[in-house]
Amino acid sequence: LEFVHTDVYLEYEEIRYGFHSWVQKKTDFLQKRVQECTMVSEGYGPIEEETVVYFEVMKLSVLLYLKFKLKELSATNYEIKQIVLGIFEKMRFLLRHTNGRFNSGQLLFPFLIIGANVCEMRDRIMVKSFYLSMVNSVGSNKRNLEQIWTIVQEFWRLNPDGVSFKMWQNILNKYAWNVCLISNGKIKGRGGKEN
């Protein structure tokens with residue numbers, strides 16, 4: 001108790017407060033950039049509705065990932081649930097109303113993100129229905145979809161009440177999974193190397 005009132009500890013507390021303020025500022029900036037992201041359609045002609053919906057699905061998926069990874073929100077958080085429901089609505093549209101014109105393989109990243117973040121049984125049933133809808137239409141991506149489904153089921157098995165940030169981080173570290181970021185049309189992996 002004496003130590004927490006010393007100048008050394010108070011300086012540590014001040015540095016820690018500054019660090020968390022810095023993280024908050026940076027994550028808010030990233031979230032704002034994702035939310036303000038728009039499609040560039042000049043010179044490409046009219047954009048099909050499913051392309052616009054797919055863009056929104058990807059935007060929401062990246063936003064969900066940022067909130068979960070950087071802000072460490074839990075699967076039961078209202079913000080997380082709201083984003084998940086938005087992704088559900090748009091994925092449902094793509095899988096049911098495009099008459100096979102949309103390639104379900106493009107939904108693998110959003111499928112992984114929502115699958116890993118849902119905790120309520122009804123949401124997990126919805127994720128499973130997406131899997132069953134996608135499995136017959138992903139073509140050459142079927143193996144990737146099955147691997148993602150295995151990962152999602154492992155998340156559910158490890159924590160039946162919803163994955164926490166700590167568990168998410170541990171399982172990512174255990175299996176060394178990596179989410180690639182696309183920059184300037186090229187895919188960048190771990191260490192910034194182009195793949």
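1. Contacts of Met-134. Neighbours within four places in sequence aside, Met-134 is in contact with Met-91, Leu-95, Ser-104, Leu-107, Leu-108, Phe-111 and Leu-145. The model is predicted, and the remarks below should be read as describing that model.

2. The core around Met-134. Met-134 is also among the residues with the most contacts inside the largest nonpolar core, together with Phe-111 and Val-127. This core counts 39 residues. Two or more residues come from each of helix H2 (49-69), helix H3 (78-96), H4, H5 and helix H6 (142-158). The most is given by H2, which contributes eight residues. As background, nonpolar side chains in soluble globular proteins tend to be buried together.

3. Aromatic pairs. The count of aromatic pairs comes to eight. One of them joins Tyr-9 and Tyr-12, with 5.5 Å centre to centre and 50 degrees between the planes, and this pair is tilted. Both residues belong to helix H1 (residues 7-36), where Tyr-9 and Tyr-12 sit three residues apart, about one turn of the helix. Tyr-9 has a relative accessibility of 21% and therefore counts as partly exposed. Tyr-12 is partly exposed as well, its relative accessible area being 41%.

4. The pair Phe-111 and Tyr-131. Here the ring centres are 6.4 Å apart and the planes stand at 25 degrees, so the pair is stacked; the cut-off for that class is under 30 degrees. Because Phe-111 lies in helix H4 (residues 108-117) and Tyr-131 in helix H5 (residues 121-134), the pair ties together parts that are 20 residues apart in sequence. Phe-111 and Tyr-131 are both buried, whereas Tyr-9 and Tyr-12 are partly exposed.

5. A ring cluster. Phe-111 and Tyr-131 are joined with Trp-149 and Trp-156 in a cluster linked by ring pairs.

6. The lining consists of Phe-19, His-20, Val-23, Gln-24, Thr-27, Leu-70, Lys-71 and Glu-72.

Key
Residues numbered from 1 in each chain as written. Predicted model: local features only at pLDDT ≥ 70, side-chain atom pairs only at ≥ 80, totals over all residues. Heavy atoms only, no water. 1 Å grid on protein atoms, 1.4 Å probe; cavity = no way out; pocket = protein on both sides within 12 Å on 5 of 7 lines; lining within 4 Å. Phe/Tyr/Trp six-rings, centres within 6.5 Å; stacked < 30°, edge-to-face > 60°. Helix = DSSP H or I, 4+ residues; strand = E, 2+ residues; numbered from the N terminus. Buried < 20%, exposed > 50% of the residue type's maximum accessible area, 1.4 Å probe, protein only. Core = buried A, V, L, I, M, F, W, Y, C linked by side-chain atoms within 4.5 Å. Contact = heavy atoms within 4.5 Å.
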